[in-house]
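Subject: Structure for your review: pockets and ligand surroundings

Dear colleague,

Please find the structure below, together with an account of what was found in it. I would be grateful if you could read the two side by side.

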Amino acid sequence: MNSAVIYYSLEGNTKLIAELISKEINGDLIELKCKKELPSKGFKKYFWGGKSAIFRETPELINFNIDFSKYENIFLGTPVWAGTYAPAFNTFFRDNSISNKNIGIFVCSGGGKVEKCFNNFKKNMPDNNFIGEISFVDPKENTNRDYKQDIKQWISTMKF
Ligand SMILES: Cc1cc2nc3c(=O)[nH]c(=O)nc-3n(C[C@H](O)[C@H](O)[C@H](O)COP(=O)(O)O)c2cc1C
């Protein structure tokens with residue numbers, strides 16, 4: 001079955017997981033990139049990124065055009081920002097309507113709650129089959145853990 005892994009990542013954690021998932025399922029890897037990106041260092045990113053997430057801003061994305069009809073399975077990944085998905089997904093949901101797909105969701109957080117983020121994804125795409133969700137805490141920081149194995153295990157439980 002054809003799969004796509006669509007993700008946004010400011011600092012590389014979600015990217016790391018997205019790459020592992022796309023390798024495991026042999027899927028297309030698609031990164032959402034904002035035309036105007038936040039500073040990825042220091043306090044400013046929390047201020048501007050937090051504000052952007054809270055006010056549900058819709059940042060313009062670069063070259064974003066996906067033919068969803070090609071895919072049966074879609075994996076969506078985001079860092080948790082202010083308890084929800086990163087604002088790039090506000091734009092994604094505004095501009096794309098996805099239905100009748102198998103959907104897996106993966107999120108990276110700094111250790112806070114992730115349920116709201118999963119639920120917000122689901123609210124935005126109700127007519128789909130949710131096949132799994134998984135979260136990681138700043139995986140780039142914890143290099144001893146075998147994330148490849150975690151993902152293998154996660155995918156092996158899915159009912160496509
Ligand atoms: C603007 C901003 C807001 C964040 N808000 C949260 C949060 O509400 N809860 C949490 O656990 N982590 C929060 N984080 C931490 C990130 O979710 C976490 O570091 C994640 O692994 C980063 O993923 P990335 O490297 O793919 O960008 C926030 C980070 C940023 C930049």
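Helices and strands are named here as DSSP runs, numbered from the N terminus: a helix is a run of H or I with at least four residues, and a strand is a run of E with at least two. Please note also that the model is predicted.

With those names in place, I begin with the second largest pocket. The space in the second largest pocket amounts to about 340 Å³. Its lining consists of 18 residues, of which K36, L38, S52, E57 and P59 are the closest to the centre. Divided by class, the lining of the second largest pocket holds 10 nonpolar, 2 polar and 6 charged residues.

The largest pocket has a volume of about 440 Å³. It is lined by 21 residues, and those closest to its centre are E11, Y46, P79, V80 and W81. At least two lining residues come from each of α1 (13-25), α2 (42-54), β3 (73-81) and β5 (102-109). Here α2 provides the largest share, with 4 residues. The classes in the lining of the largest pocket are 8 nonpolar, 8 polar and 5 charged.

The shell around the ligand comprises 21 residues, with S9, N13, T14, V80 and D138 the closest. The elements α1, α2, β3 and β5 each give at least two residues to this shell, and α2 has the largest share of the shell, namely 4 residues. By class, the shell contains 7 nonpolar, 11 polar and 3 charged residues.

- V80: a backbone N or O atom is 2.7 Å from a ligand oxygen.
- E11: a polar backbone atom is 2.9 Å from a ligand oxygen.
- G12: a polar backbone atom is 3.0 Å from a ligand oxygen.

On its own, the ligand has 650 Å² of accessible area, and the protein covers 88% of that area.

To draw the residue lists together, V80 is among the residues closest to the centre of the largest pocket, is also among those closest to the ligand, and has a backbone N or O atom 2.7 Å from a ligand oxygen.

Yours sincerely

How values were computed. Residues are numbered from 1 along each chain as its sequence is written. This is a predicted model: local features need pLDDT of at least 70, side-chain atom pairs count only at pLDDT 80 or more; totals for chains, interfaces and linings use all residues. Side-chain values use heavy atoms; hydrogens and water are left out. On a 1 Å grid over the protein atoms alone, a cavity is a set of points where a 1.4 Å probe fits but cannot get out, and a pocket is an open set with protein on both sides within 12 Å along at least five of seven lines; lining residues have an atom within 4 Å of a point. Grid points are joined across faces, edges and corners, and a volume is the space filled by probe spheres set on the points. Ala, Val, Leu, Ile, Met, Phe, Trp, Tyr, Cys and Pro count as nonpolar, Asp, Glu, Lys and Arg as charged, and the others, Gly among them, as polar. A residue is near a molecule or strand if one of its heavy atoms lies within 4 Å of it. A polar contact is a pair of N or O atoms within 3.5 Å; within protein, one must be able to donate a hydrogen and the other to accept it, and residues adjacent in sequence count only if both atoms are side-chain atoms. Accessible areas come from the Shrake-Rupley method with a 1.4 Å probe; for residues, only the protein chains shown count as cover.
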